[in-house]
Amino acid sequence: MSQHEARTAQDLVETALALSKADQAAVVVHERSEASLRWANSTMTTNGVSRSRSVSVVSVVGESVGTRTATVADERELAELVAGSETAARSLPGAEGALPFVSGAVDADWDDPVPTTDIGVFSGLARDLPGGFAGAATLYGFAHHELVTTFLGSSTGLRRRFTQPTGSVEINAKQDKTSVWAGRSTEDFAGFDTDGLLAELAGRISWSGKRVDLPAGRYETILPPGPVADLMIYLYWCMEGRSAQEGHSPFSRAGGTRVGERLGSLGLSLYSDPSESGLACAPFLATTESGDYVSVFDNGLDIGRVDWIKDGVIERLAYPRALAAQFGQPVALPADNLVLTGGQGSAEDLVAQTERGLLLTTLWYIRMVDPAALLLTGLTRDGVYLVEDGKVVGEANNFRFNESPLDLLRRATQAGESVRSLPREWKDYFQRTATPALRIPDFHMSSVSQAT
């Protein structure tokens, strides 16, 4: 066993804090265990497991903050990391919003071993997936599972830890010139419905037998839960209180913010909650960067449920401790999950009630066009379908869209029930979401795209 493997994350935290000469110090260690499975041309190709570790040291000298992150192999490298963060702090001006670090408890499981995943997590998927290899479509895909254990220690005595499980399966099915995609997120693959995922792909392939070319324009559109998640995540990332207060945010309005403003008629609610069943995430803040969303001075602060939009009304914006005090607002910290609720029925129910419109599959390459209006652009991908008289009648061409998720909430005329969703665009950064399908009466397809 190497020295790197022999030293526990807890030992690294304690040693780094003992080496620190800063006025305040915090250490964040991420222990990552990963397993992956790939297939291509309807054949299993590769699988593997890996482990990695990163160590971050946040040093405060006076009111200046320096942060350094590295993979350390021995105490000499750890000492260099600590010294580097202190040198950085001494070279920088004082940090805005500097506060004493959070004092807190020692988690009861602080000294427990770090859990790991392995290739066996895919046993059910590997057993069931070959059932789809015999079909007419050729399957390509990737399954991934990871356990990331975060350790946070500070010079104030804080010792906190949390293990985050994250898993997903993505499958592309290709037949002739048709490409369709489906994906699911999961914590542990227990009871994973591979057959249901394959059936969804087969259904989309069958819809592609007829091709319909449509021009750009505004269409009644059914957004399934995955695309809704991608759009709501972008909205969530823009809910910074300070930006809204200072007038350069989609949540700004003359003389203040849009808190208290009603969005549309559906009464939808958007919230984050570390204890959400099936989407549980870290109940405390562990960050190495500061901004208007979070602050390193708040490391270890408890994160609770926050109702960002409640019954259709904008309820809260994000404020770290210092900005909350500055603007006279309650502290509100974002969690690593997001839930949109307020409707009933499924995406299929919404399709069945559509006289004529479009059903999307996924969105990708989503980028900001106008930050003040939260206007986004992006492309549809892997299946846009024409719906007539409640049935999918063929595959349409892809489009570029221009839309604001804030405006979509104002204009949505129907919502399904909230289900666990996989945001295809943002899944590598943010995966724990539950969202409904939405009906948008006039979704803006700004131009025709040649993407497949």
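1. In what sense do strand E16 (residues 375–388) and E17 pair, and over how many bridges? They pair in the antiparallel sense, over five bridges. Pairing here requires that DSSP finds at least two bridges between two strands. Strands (E, at least two residues) and helices (H or I, at least four residues) are DSSP runs, numbered from the N terminus. Val-387 has Val-392 in E17 as its bridge partner. The hairpin of E16 and E17 has two residues between the strands, and Asp-389 takes a positive phi near 50° there.

2. A word on provenance. This is a predicted model: local features need pLDDT of at least 70, side-chain atom pairs count only at pLDDT 80 or more, and totals for chains, interfaces and linings use all residues. Residues are numbered from 1 along each chain as its sequence is written, and side-chain values use heavy atoms, with hydrogens and water left out.

3. E17 has another pairing. Strand E7 (residues 211–212) pairs with strand E17 (residues 391–396) in the parallel sense, over two bridges. In that pairing, Val-212 has Ala-396 as its bridge partner.

4. Next, the domains. The chain is assigned domain 1 (9–186) and domain 2 (210–451); the bounds come from an automatic or database domain assignment. Their C-alpha centres lie 25 Å apart.

5. The interface is as follows. In domain 1, 37 residues are in contact with 31 residues of domain 2, contact meaning heavy atoms within 4.5 Å. The two domains bury about 2700 Å² between them, with 60% of it on carbon and sulfur atoms. Buried area is the accessible area (1.4 Å probe) that two parts lose on being put together, summed over both.

6. Polar terms come next. Three salt bridges are counted between domain 1 and domain 2. The criterion is a side-chain nitrogen of Lys or Arg within 4 Å of a carboxyl oxygen of Asp or Glu. Nine residue pairs are in polar contact across the interface, both residues at pLDDT 80 or more. A polar contact is a pair of N or O atoms within 3.5 Å; within protein, one must be able to donate a hydrogen and the other to accept it, and residues adjacent in sequence count only if both atoms are side-chain atoms.

7. Which elements give two or more residues to the side of domain 1 that touches domain 2? They are strands E1 (24–40), E2 (43–61), E3 (64–70), E4 (138–154), E5 (159–175) and E6 (178–186). E5 gives the largest share, 11 residues.

8. Two of these strands pair with E1. E1 and E2 are antiparallel over 17 bridges, with Val-27 opposite Val-57 in E2. Their hairpin has two residues between the strands, and Asn-41 in the turn has a positive phi of about 50°. E1 and E4 are also antiparallel, over 14 bridges. Ser-33 stands opposite Leu-147 in E4.

9. There is also an open sheet of six strands, in the order E13-E12-E11-E14-E21-E20, with mixed pairing. Its edge strands are E13 (313–314) and E20 (419–421), each pairing on one side only. Two bridges join E12 (residues 306–310) to E13 in an antiparallel run. Ile-309 stands opposite Ile-314 in E13.

10. Finally, the salt-bridge count comes to 34. Among them, Arg-76 pairs with Glu-80, with the closest N and O atoms 2.8 Å apart. Arg-76 and Glu-80 are four residues apart in helix H3 (residues 75–90), so about one helical turn separates them. Asp-302 and Arg-160 also meet in a salt bridge through their side chains (2.6 Å, N to O).
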